[in-house]
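Here is a short briefing to read alongside the model. Take a look at the fold first, then follow the points below.

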Amino acid sequence: MVWPNKITETVDCKQGAVRAVRYNVDGNYCLTCGSDKTVKLWSASRGLLLKTYSGHGYEVLDACSSGDNSHICSGGMDKTVVMFDVSTGQILRKFRDHAGTVNCVCFNEDSSLILSGSIDCSVRVWDCRSRKNIPIQVMDEAKDSVTSIQVSDHEILTGSADCRVRRYDLRIGQMFSDFVGKAVSCARFTRDGQCVLISSMDTPILLLDKDTGEMLNEFQGHKNSSYRIESCLNHDDTHILSGSEDGKIFVWDLMEAKVKDELCHETSRPVHSLSHHPSKPILLSAWGEKMSRWESNQETSTEPL
């Protein structure tokens with residue numbers, strides 16, 4: 001068994017609706033984003049709340065931890081991107097150049113830059129070391145809301161409600177675009193960097209070859225017609241996992257595209273956010289006001305969430 005298939009703990013995050021759950025780089029900590037305007041930092045193995053970060057004026061939709069775990073960036077419906085100091089909880093920077101809700105944020109590889117995607121159809125790049133609060137670059141090729149963003153060492157991957165996935169190759173200074181037919185809710189590189197996993201409304205999840213745009217596989221069975229539902233890969237790129245609007249997590253074999261498991265929560269509410277541990281078969285899921293931790297039957301842990 002190489003995918004998480006049993007709940008080991010469920011935590012009421014007590015921050016209203018949990019909009020996103022995110023592991024940090026090494027999987028020792030996780031972040032939750034709440035409708036109560038806060039970001040919370042948790043011990044991923046013990047379920048202990050370590051710190052609460054406040055500074056947004058409205059719901060927080062996404063957050064990311066820096067590579068050295070010293071900073072957190074977050075974005076939300078107040079149109080701002082905030083950078084917090086992890087240890088003190090203080091706001092270090094607040095960027096306000098977006099014209100609409102900030103849907104997604106991430107750090108670059110060395111955590112010197114923050115990238116944010118917004119409903120204003122743009123991706124903005126912020127220099128964490130500069131005193132200026134204006135973006136150092138704006139990518140405005142999207143024709144609708146930018147819903148997803150991911151950064152590798154030399155590429156930026158974005159998904160947009162204009163039904164396109166865009167990949168910016170920073171080495172050669174070019175942008176590549178793939179049309180997928182429906183509004184994109186989530187786009188992720190595979191861990192080997194060769195393919196792109198794409199979730200869209202009312203369509204199967206697609207696996208595309210990154211360089212050619214060729215469709216390699218599609219994964220279906222989950223429900224995704226009204227909400228922004230995330231998908232992800234497991235720690236060794238063998239299985240695809242996705243939330244669903246019927247309270248389930250679907251697991252597919254990457255090569256065969258067959259449903260291997262349907263993981264059921266104690267609810268029929270949408271499971272909209274997932275985050276897989278970077279090196280172990282452990283998964284975090286967000287639904288309603290709660291966060292659940294899933295493990296594999298082969299991984300017996302005595303620690304709670």
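Buried means under 20% relative accessible area, exposed over 50%, and partly exposed in between, with a 1.4 Å probe and protein chains only. Both Tyr53 and Phe84 are buried by that rule. The model is predicted, so local features need pLDDT of at least 70 and side-chain atom pairs count only at pLDDT 80 or more, while totals for chains, interfaces and linings use all residues. Residues are numbered from 1 along each chain as its sequence is written, and side-chain values use heavy atoms, with hydrogens and water left out.

**Overall fold**
- The protein has 28 strands and zero helices, taken as DSSP runs (strands E, at least two residues; helices H or I, at least four) numbered from the N terminus.
- Of its 305 residues, 56% count as buried.
- The C-alpha atoms fill a box of roughly 50 × 45 × 30 Å along the principal axes.

**Aromatic pairs**
- Four aromatic pairs turn up in a search of the whole structure; rings of Phe, Tyr and Trp (its six-membered ring) pair if their centres lie within 6.5 Å, with planes under 30 degrees apart stacked, over 60 edge-to-face and the rest tilted.
- Tyr53 and Phe84 form a tilted pair, because their ring centres are 5.5 Å apart and their planes are at 50°.
- Tyr53 sits in strand β5 (residues 49-54) and Phe84 in strand β8 (residues 81-85), so this pair ties together parts 31 residues apart in sequence.
- Phe250 and Trp252 are stacked, because their centres are 5.9 Å apart and their planes at 25°.
- Phe250 counts as buried at 4% relative accessibility, and Trp252 counts as buried at 0%.
- Ring pairs link Phe219, Phe250 and Trp252 into a cluster.
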